[in-house]
Amino acid sequence: MVAPLLQGRLDDPLWRIQNLYWIENKSGRMQRFRMNAAQLRLHRNMWHRNAVLKARQLGISTYVAMLMLDQCLFTPNFHAGIIDKSLPDAEQKLEKLRFAWENLDYLPPGAGAGERALAYLGGLIKQRSGALKRGEWHPVGDARTRMAFANGSDIRLGTTLRGGTLQLLHVSELAHVSVHAPWRAREIRTGAVNTVPADGRIILESTHEGGRYGVNYEMMQQAMENAAKDELSPLDFRFFFFSWFDNPEYTLNARGGWSDAAAAYFEKLAQEGTVLSHGQKLWYSRMERTMGAAMRQEYPSSPEEAFSTGNDGAIYGAQVAMLREQGRIGAEMAYAPAEPLYTAWDLGLSDHTAIWLVQSYGGQVYWLNHYAANQLPLEHYAAKIREWEARYGPVAAHFLPHDAAHRDPHGHSYVESLAREGIGNVRVVPRTPDVWRGINTLRGLLARSWFHRDTMQPRVNLRGEKEPGGLTCLEMYRTAPAGASGACREAPLHDAASHSADAARMFAEAFSHGLVAPVTLHRAPRRALM
């Protein structure tokens, strides 16, 4: 017989999660699951829809696994789902649930009366729940994708999970999916999220990547904006952020110091109200030696820091991150009416076309505006140039790539077509044999650049979907993963970000060829626009 005290405690989900389930710890040893501070904070403040931005290895996915198992065991006909970046990753999470269920009646060596009582209670729960045998989990398809119980509850896993109704949905690493499979991220948002009714629960948890673009960034931003609301509706996401220093394990008990750059970073955190111990500073500085530029992506101190990181293989990530720290991004700077204006293009008649509006003087480069679109005629982009000239003044030169001088089957070149639209002063930039030469020239210019906030504005494509602004494209521009489509690691990836990045590189190549030079413009003085 189970002690009356334990029988009463079974009505408390927090007690059940803290006392009934076994996990394997980071050392591979079995231990009773006990919530750490981050897990407990999430549990106590959970809403119907939850967006969790976090550092690595805080145990959020383990907590969600225990919560999911507990709800299935104690709620008949409870349906849960797990979505991860890949099916093997989702299977690993299901294995945590299976491990906890199979060991409900585990009795550790040398157990006392309390452990024996818990093991006996776990055995009764295990017997009553009656998880179906491995071959019975799913009548068709892969048996690895479902775990079912005798009370009608079950857990499904996949990479999208469209269809059916779920009372609890766990979406893990949506940021990774947003960067590497954006179509699937959109499918998760429009499909899987809609499988959960208003009174159900969704937990999106991810370490961020991809900068300020993608489904994960959009959903996290919406959740952060919801924090200003006096009251959330059941369909609003509640935002949670867990930094690296929320994990008490991230500390070193050793002697040593750190670099001046790290010291400045720690001082900045202190000014913002986060005072670190010597052990925490030492841990962070040693981890940063290994992680390099990815440190603030994997172990951010703030949401802003997490969103400021680019992707693996980011080509301009370090330069943009430095500019952001120096306050050179999103500036409300005025353009200089007495200095020449330039545009730099990446072309496509019916494909993607991107244009930057730039000034360069006094040893600095000022990126004033950006525009990009696709599947639109040349007349559309000519109209955009006229719009800019009405706002800023005449453009001294338009820098176009070498193929702008090539003639189409009808005998017309892009340069001639622009001239017919009233766009003159076009300069075709000679082709650079090695793309990395142009990239390195742009890296040098970025070190002395300023970006107006207009360059950060997302654009809306013909389907009504948001696409990244110019600055975001520079952050996202990266090398192709090794082996992707036969590409080597040193090949820039051709994707949604590459067109705007190539247009920026066109300005750098024009600069290296001496095409960016003071030009005398015959125009009346104009008042600077803020």
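In the predicted model, helix H17 (residues 435-446) and helix H19 (residues 498-512) cross at roughly 85 degrees, and their axes come within 8 Å. Angles of 65 to 115 degrees count as roughly perpendicular, and H17 is therefore roughly perpendicular to H19. On the H17 side, the residues involved are Val435, Gly438, Ile439, Thr441, Leu442 and Leu445. These meet Ala501, Ala504, Arg505, Phe507, Ala508, Glu509, Phe511 and Ser512 in H19. Sorted by class, the contact of H17 with H19 has nine nonpolar, three polar and two charged residues.

H4 contributes Ser61, Thr62, Ala65, Met66, Met68, Leu69 and Leu73 to the contact, while H5 contributes Lys93, Lys96, Leu97, Ala100 and Trp101. The contact of H4 with H5 has eight nonpolar, two polar and two charged residues.

Alanine 90 also lies in helix H5. Its relative accessibility is 0%, and residues under 20% count as buried, so alanine 90 is assigned to the buried class. Leaving aside residues up to four places away in sequence, alanine 90 touches Ile82, Asp84, Leu157 and Gly158. Alanine 90 and arginine 144 are separated by 54 residues in sequence, and the distance between their C-alpha atoms is 9.8 Å.

One of the residues touched by alanine 90, Ile82, stands opposite histidine 170 in strand E7. Strand E4 (residues 79-83) pairs with E7 (residues 168-172) in the parallel sense over four bridges. E4 also pairs in the parallel sense with strand E6 (residues 154-158), here over five bridges. Within the pairing of E4 with E6, aspartate 154 is the bridge partner of histidine 79. Leu157 and Gly158, both touched by alanine 90, fall within the residue range of E6. In a regular strand, side chains alternate between the two faces of the sheet. Strand E4 is mostly covered, with four of its five residues buried.

How values were computed: Residues numbered from 1 in each chain as written. Predicted model: local features only at pLDDT ≥ 70, side-chain atom pairs only at ≥ 80, totals over all residues. Heavy atoms only, no water. Contact = heavy atoms within 4.5 Å. Helix = DSSP H or I, 4+ residues; strand = E, 2+ residues; numbered from the N terminus. Nonpolar A, V, L, I, M, F, W, Y, C, P; charged D, E, K, R; others polar. Buried < 20%, exposed > 50% of the residue type's maximum accessible area, 1.4 Å probe, protein only. Pairing = 2+ DSSP bridges. Axes fitted to C-alpha atoms, helices over the stretch in contact; angles between N-to-C directions. Parallel < 35°, antiparallel > 145°, perpendicular 65-115°, else oblique.
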